[in-house]
Amino acid sequence: MRILTASLLVPSKINPEKQSSIYFYRTRRRSKKNYQVARLLEPAIFEASKLTVLFSGVDEENHPGKLPRTYTFTHCDLTSKLTLTISQTINNSQLQGWHNRLHRDEVVAEWKKVKGKMSLHVHCHISGSHFLLDLCARLRYYIFCKELPVVLKAFIHGDGNLLQNYPELQNAPVWIYFNSNIQEFNKIECLGPLKEAASSNEVHGPHKEKTLPEPCQESCTCCFPSRSLIHGPTSISDVNF
């Protein structure tokens, strides 16, 4: 049936060898598209061998409740390589280049201590930078929800020594900030404890905990850092649950 369809699309003057090559090209393109669609539906898998971890100004001894600690996570579509920078500030140099500016598929995160309790705050850019992102905002939201457990696994693997020294951090709640200029996708969701959020196949909606921790308004020692290290919505008033 495919051969018949392909032959109807090829002029009769073209010789059989060229017809075969055109059919093969069309079939290969269909197979590639089907493979890409299938990959979107399959559970995301974390491969530690593809992860490169870079440390800058931090080590496993520095508790994030005393020294700022952020994660900058990117990946390369061409090589499937993952890069995670662990530092005191977001690694902006890692986010430069036409690929990152066009796709905006980076994930950045920071540890926070709010009223004495630790939590991990993760930011994803859904749409807003340019119209192409706006057109596929729903698909981007779906992909981020599907891939976030992989990102959290990368955090746990890359910062394993810190979590081994301070195992209580694995029970810290994870808050996901979906940043979008479209109200439907501009939201904050809690995924529950880090170790549980990383073990799931994908994000299945908000955790039962919906109260985003709010820092003290006045200077204190129970909240750190005093201000967010990431640009974007940082409180309930900025988004919709």
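Let's start with Glu110, a residue that counts as buried because its relative accessible area is 1%. Buried here means under 20% relative accessible area, while exposed means over 50% and partly exposed lies in between, all with a 1.4 Å probe and protein chains only.

Before going on, a word on what we are looking at. This is a predicted model, where local features need pLDDT of at least 70, side-chain atom pairs count only at pLDDT 80 or more, and totals for chains, interfaces and linings use all residues. Residues are numbered from 1 along each chain as its sequence is written, and side-chain values use heavy atoms, with hydrogens and water left out.

Back to Glu110, which lies in strand β4. Strands and helices are DSSP runs numbered from the N terminus, with at least two residues (E) for a strand and at least four (H or I) for a helix. A polar atom of the Glu110 side chain lies 3.0 Å from the backbone nitrogen of Leu229. That is a polar contact, meaning a pair of N or O atoms within 3.5 Å; within protein, one must be able to donate a hydrogen and the other to accept it, and residues adjacent in sequence count only if both atoms are side-chain atoms. If we leave aside neighbours within four places in sequence, Glu110 is in contact with several residues, including Arg69, Thr70, His121, Pro225 and Leu229. Contact means heavy atoms within 4.5 Å.

Now stay in strand β4, because Lys113 lies there too. Is Lys113 buried or exposed? With 19% relative accessibility, Lys113 counts as buried. A polar atom of its side chain is 3.4 Å from the backbone oxygen of Thr221. Beyond its neighbours within four places in sequence, Lys113 has contacts that include Gly65, Met118, Cys222 and Phe224. Lys113 and Pro215 are 102 residues apart in sequence, yet their C-alpha atoms are 8.4 Å apart in space.

Let's step back to the whole chain. The protein chain has seven helices and seven strands, and from the N terminus the order of elements is α-α-β-β-β-α-β-β-α-α-α-β-β-α. Of its 241 residues, 39% are buried. Among contacts with a separation of 6 or more, 63% are between residues 24 or more positions apart.

Next, strand β2, which covers residues 70–75. Five of its six residues are buried, so β2 is largely enclosed by the rest of the structure. Which strands does β2 join? Six bridges connect it to strand β3 (residues 82–87), and four bridges connect it to strand β4 (residues 107–114). Both pairings are antiparallel. For two strands to count as paired, DSSP must find at least two bridges between them.

His75 stands opposite Leu82 in β3, and Phe73 has Val107 as its bridge partner in β4. Leu82 itself is buried, at 14% relative accessibility. Its C-alpha atom is separated by 4.6 Å from that of Leu51, 31 residues away along the chain. Among the residues in contact with Leu82, leaving aside neighbours within four places in sequence, are Phe46, Leu51, Phe73 and His75.

Phe73 also brings us to the aromatic rings. Ring pairs link Tyr71, Phe73 and Phe155 into a cluster, and the whole structure holds four aromatic pairs. Rings of Phe, Tyr and Trp (its six-membered ring) pair if their centres lie within 6.5 Å; planes under 30 degrees apart count as stacked, over 60 as edge-to-face and the rest as tilted.

Let's visit His125 in strand β5, residues 117–125. His125 is buried, with a relative accessible area of 14%. Its side chain reaches the backbone oxygen of Ser127 at 3.4 Å. Leaving aside neighbours within four places in sequence, the contacts of His125 include Arg104, Glu106, Phe144 and Asn179.

Finally, the cysteines. How many disulfides does a search of the whole structure find? The search finds zero, where a disulfide is a pair of cysteine sulfur atoms within 2.5 Å. Cys216 is partly exposed, with a relative accessible area of 30%, and Cys220 is partly exposed with a relative accessible area of 30%.
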